[in-house]
Amino acid sequence: MSVAAEGSVTPAPPIAQDGAPVRMVPRPAPASGPRLVPPTMHRLNTVVSVAIMALLVLAPIPLGSNRPAFWMIWSTAIGCLAFTYGLVLLRLRAPPRLGLAVFASEVALVLSLCAYVAVQTLPLGGLLPQVIRRVETLGISPATLSLDPGSSRLVLIQFLTFGLLFFLAAQVAANRLRARRMLLGILVIIALFAVVGLVSLTQLGDTLLGFEKQIYRGYATATFINRNSFATFLAVGLTLGTAILLEAVALRRELPLGRLLGTLALVAGCMAVIGAALVATGSRLGTVAGVGGAATALVLGTMAFRGIGRVGFIVAFVLLGTALAVVGTFGMSLVERLVLLPTVDESRVDAHRLIWAAIFERPWLGYGAGSFATVFQAFQRPPLSAESVWNNSHSTYLALWFEMGLVAGSIPLVVIALLGLRTARGARDPASAVVSVATLGVIVVFAIHSLLDFSAEIEANAFLFTVILALGAAGGLGRNIVPAGHGLRPHTPLT
C-alpha cells in the first residue's frame, strides 16, 4: 500500500511475474445522456443556413410573396425544414444549440399571442356577454371575436412560421462565424435585387417581372409590387453595409491587405448599387428609414469597434459624399417628390383618424388578426373618399392594434424590444459586434418605416427581419460557438 494523502491510502500497481508493472487500461464509461456529434451538427446547421439564405433569395421574387398562396408555400417549406431538423437531432440524440428556454420570455409572449389569435377564430358567441362582442358601428354581435376568422387563421399560420424561422436561424447563428457570413450574404442578396430594380427600370422598359407595370411607373420596384416595400428591403441592405464596412476599417491593421481591399470593394460596391436603387424608388420615408438605420449603425459601430477612431468620421463623410452623388444621378424623382408633393398626405391623416376611432371602440379585443382590409370599409366615411380602397392601414402599429387590440397587438413590439436588448448585449463580444450593430440598425429601419407604411407586413420583408433578428439575438446569450482560426478574439469561451 502507498500513502496518497494524510488519512488515505491507494493500492500499489500490480506487478507481473517478471517484475515489470502491469499497464492498467481503464474501461470506457458507458454512454449516457445525449450523444453529441459535433462534425455532423456542423454540417446540419450549414445545410440549414443555406436553406435559409435560399428562402431570402426566393421569397422576394413573386411580388414580395405578398399573396396568401405564397404564404402557404413558404409556411409549408419552413415547416418541413423544421420537422427534418428535429428528426435529425433526435437521431443524433443531440440537443439544439439554443433551446427554447434561452428565449423563455419571448417564447411565452409569442405563444400567448398565437393563443389569442386562435381564440379570436372560435365561435364563442354563446359564452361571452353581448356587450363584449358587440360592434356598435356595424350594429352586430358576431359569433367570433374576429370579424374575419378566415384571415385570422392565415395570420396564425404566419406567426407560427415566423417563430419556426427564428428558431432555425438562431440555431445556425450560434456559430458566430457562420452568422457573420450570413450577414454578408444577405447584403449581397439585397444588392442583386437592387441591380434587378435598376435594370428593370432603365433597360427593360420599366417592367415588373417582364410585364408592364400598372402602378409606380417611373420608379424602381424590382420584383416587389410596391416601391415602399422595396425601399424597406434596400434600407436594410444599406444598414448592413454600413456596419460591415466600419468593422473592416476597424480591423485594417489586422487583416491581410488583399482581404481588406476585397472586403472594402465588395461592401462599397453593394452599398453604391443599393443606394442608387433606394433613391430610384422615390420612397421618401423609405429613404429616411435607410438613412436612420445607416446612421444608427455608424454611431453604434464607432462605439463598438476598437480602433475605429477618426477613421469613422472619414467613413461618414465618404458615405455622405457618395450618397449625394447617387441622389444626383438616380434620385431626381425622389427630389421632385420631396419638393413638389406635400409633406403630409391628407388622405392618410384622415384614414389614421378613423382607424384610431375604430381602435378605441374595441380597444382590448380588436377586430381580428388580418381583418383590416375587410372591416375598415365599414368605418370609412368623409372626409375620406368613398372611392378609395384601403386594404392596408399604412401603419403597422395601427394595424396591430386595430386587429388584435392594444394589449395583444403590442406583443410583437415587446418581443422585438426584448430581442433588441439581447442583441445589444452581444455588441461587447468582438465575435458578435458587427452582427449586433447591424441588427440594431435594422430594427431602427423597420421602426421608422412602420410608422406610415406596411412594408413590415410584406412576407419577404418579414422573413428578412426575422432572420436578422435571430442572427443578432443569438450573439447576446453568452453561448457563442466560434471555430478555431477565425481571428475574432471572442470574449466568450469556445464550446
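**Figure 1. Glu212 and its partner Arg217.** Glu212 is exposed, with 59% relative accessible area (exposed means over 50%, buried under 20%, and partly exposed in between, using a 1.4 Å probe and protein chains only). Glu212 makes a salt bridge with Arg217, and their closest N and O atoms are 3.4 Å apart (a salt bridge is a side-chain nitrogen of Lys or Arg within 4 Å of a carboxyl oxygen of Asp or Glu). This is a predicted model, where local features need pLDDT of at least 70 and side-chain atom pairs count only at pLDDT 80 or more, while totals for chains, interfaces and linings use all residues. Residues are numbered from 1 along each chain as its sequence is written, and side-chain values use heavy atoms, with hydrogens and water left out.

**Figure 2. Lys213 and Asp206, a salt bridge between buried residues.** Here the closest N and O atoms are 2.8 Å apart. Lys213 is buried, and Asp206 is too. The structure holds 6 salt bridges.

**Figure 3. Asp350 pairs up with Arg353 in a salt bridge.** Their closest N and O atoms are 3.3 Å apart. Both sit in helix H12 (residues 346-361), and because they are 3 residues apart, about one helical turn separates them (helices are DSSP runs of H or I with at least four residues, strands are runs of E with at least two, and both are numbered from the N terminus). Asp350 is buried at 14% relative accessibility, whereas Arg353 is exposed at 55%.

Figure 4. A search of the whole structure turns up 15 aromatic pairs (rings of Phe, Tyr and Trp, with its six-membered ring, pair if their centres lie within 6.5 Å; planes under 30 degrees apart are stacked, over 60 edge-to-face, and the rest tilted). Phe162 belongs to helix H5 (residues 149-173) and Phe463 to helix H17 (residues 459-473), so the pair ties together parts 301 residues apart in sequence. Phe162 and Phe463 are both buried.

**Figure 5. Phe446 and Phe465 are stacked.** Their ring centres are 4.2 Å apart and their planes are at 15°. Phe446 lies in helix H16 (residues 433-449) and Phe465 in helix H17, so this pair ties together parts 19 residues apart in sequence. Phe446 is buried at 3% relative accessible area, and Phe465 is buried at 10%.

**Figure 6. A cluster of rings.** Ring pairs link Tyr367, Phe372, Phe376, Phe379 and Phe402 into this cluster.
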